[in-house]
Amino acid sequence: MFTGIVEELGEVTAVENLGDSSRFRLRGPAVTEGAKHGDSIAVNGVCLTVVDLADGEFTADVMAETLDRSSLGALVPGSRVNLERPMAVGGRLGGHIVQGHVDGTGTVVDRKASEHWEIVKVSLPADLTRYVVEKGSITVDGVSLTVVDAGPDYFTISLIPTTLALTTLGIKEPGDPVNLEVDVIAKYVERLLAFPAPDGLAPGAESPAPDAEGPVR
């Protein structure tokens, strides 16, 4: 489980094509400190498992499903990536609940700069539109952000100087792909409402109390 607060701007140092998967080597001295084989690290919002560690770098295998659903397949040596370790139990939830399970990809459509911040417009796949609401949360390349405007096929986000300087969102250009993870709570609510409750009860309704013996007084 992650929070969408990027800890480090890392770099891809090698990519090995394994046919039905790829193996990435990434540099991230901060996130690898104290890490071990089998730990999780989010890379541009994708939860990956550490295979090997050495000299501030780690390797991770990425299966075809992840390559197809995310933008990781477009990474090459030299690509910058957002890195985050899982949230420690008892730690502060600085962003929102992020699973590291990418729902799809969007594309940076436009960005408008002001003196101290930027508004970035991102295209939104049709099957994710219903989960995105104004002032709700969304994860873009692993960064927890607040939706400014939720359109029919896009959304906008406002980026402060810290986000621009310390994440890949500061260097993304129109046409660049980004990984998207919508709020998992919205998906659970939709799933619950899609199925009737036991005994025909409306979702959330309480079961009737069993009939009491004798008349009610």
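Helices (H or I, at least four residues) and strands (E, at least two) are DSSP runs, numbered from the N terminus. This is a predicted model, where local features need pLDDT of at least 70, side-chain atom pairs count only at pLDDT 80 or more, and totals for chains, interfaces and linings use all residues. Residues are numbered from 1 along each chain as its sequence is written, and side-chain values use heavy atoms, with hydrogens and water left out.

Q: Which element gives the most residues to the lining of the largest pocket?
A: A pocket here is an open set of points on a 1 Å grid over the protein atoms alone, where a 1.4 Å probe fits, with protein on both sides within 12 Å along at least five of seven lines; lining residues have an atom within 4 Å of a point. The largest one is lined by 13 residues, with I5, V143, S144, I160 and T163 nearest its centre. Two elements give two or more residues to that lining, helix 3 (161-166) and strand 10 (143-150). The top contributor, with four residues, is strand 10.

Q: How many charged residues does the lining of the largest pocket have?
A: For classes, Ala, Val, Leu, Ile, Met, Phe, Trp, Tyr, Cys and Pro count as nonpolar, Asp, Glu, Lys and Arg as charged, and the others, Gly among them, as polar. Sorted that way, the lining of the largest pocket has seven polar residues, six nonpolar ones, and charged residues: none.

Q: How much space lies in the second largest pocket?
A: Among the residues lining this pocket are N44, R80, D141, K172 and D176. By class, the lining splits into four nonpolar, four polar and four charged. A volume is the space filled by probe spheres set on the grid points, which are joined across faces, edges and corners. For the second largest pocket that comes to about 230 Å³.

Q: Is N44 buried or exposed?
A: N44 sits in the loop between strand 3 (40-43) and strand 4 (46-54). Its phi is near 50°, a positive value in a residue other than glycine. Buried means under 20% relative accessible area, exposed over 50%, and partly exposed in between (1.4 Å probe, protein chains only). With a relative accessibility of 2%, N44 is buried.

Q: And D55, buried or exposed?
A: D55 lies in the loop between strand 4 and strand 5 (57-63). Phi of D55 is near 55°, again a positive value in a residue other than glycine. Its relative accessible area is 73%, so D55 is exposed.

Q: In what order do the six strands of the barrel go?
A: Two strands pair if DSSP finds at least two bridges between them. Strand 3 and strand 6 (residues 80-84), for instance, run antiparallel and are joined by two bridges, with V43 partnered by L83. The pairing in the barrel is antiparallel, and the order is 1-2-5-4-3-6.

Q: Why is strand 12 (residues 177-182) largely enclosed by the rest of the structure?
A: Strand 7 (residues 104-113) pairs with strand 12 in the antiparallel sense over four bridges, and G106 stands opposite V178. Strand 9 (residues 137-140) also runs antiparallel to strand 12, over three bridges, and T139 stands opposite E181. Strand 12 is called largely enclosed because of its six residues, the number buried is five.

Q: Which residues is S21 in contact with, leaving aside its neighbours within four places in sequence?
A: S21 is found in strand 2 (residues 21-27) and counts as buried at 15% relative accessibility. Contact means heavy atoms within 4.5 Å. Beyond those sequence neighbours, the partners of S21 are E16, V62, M63 and L67.
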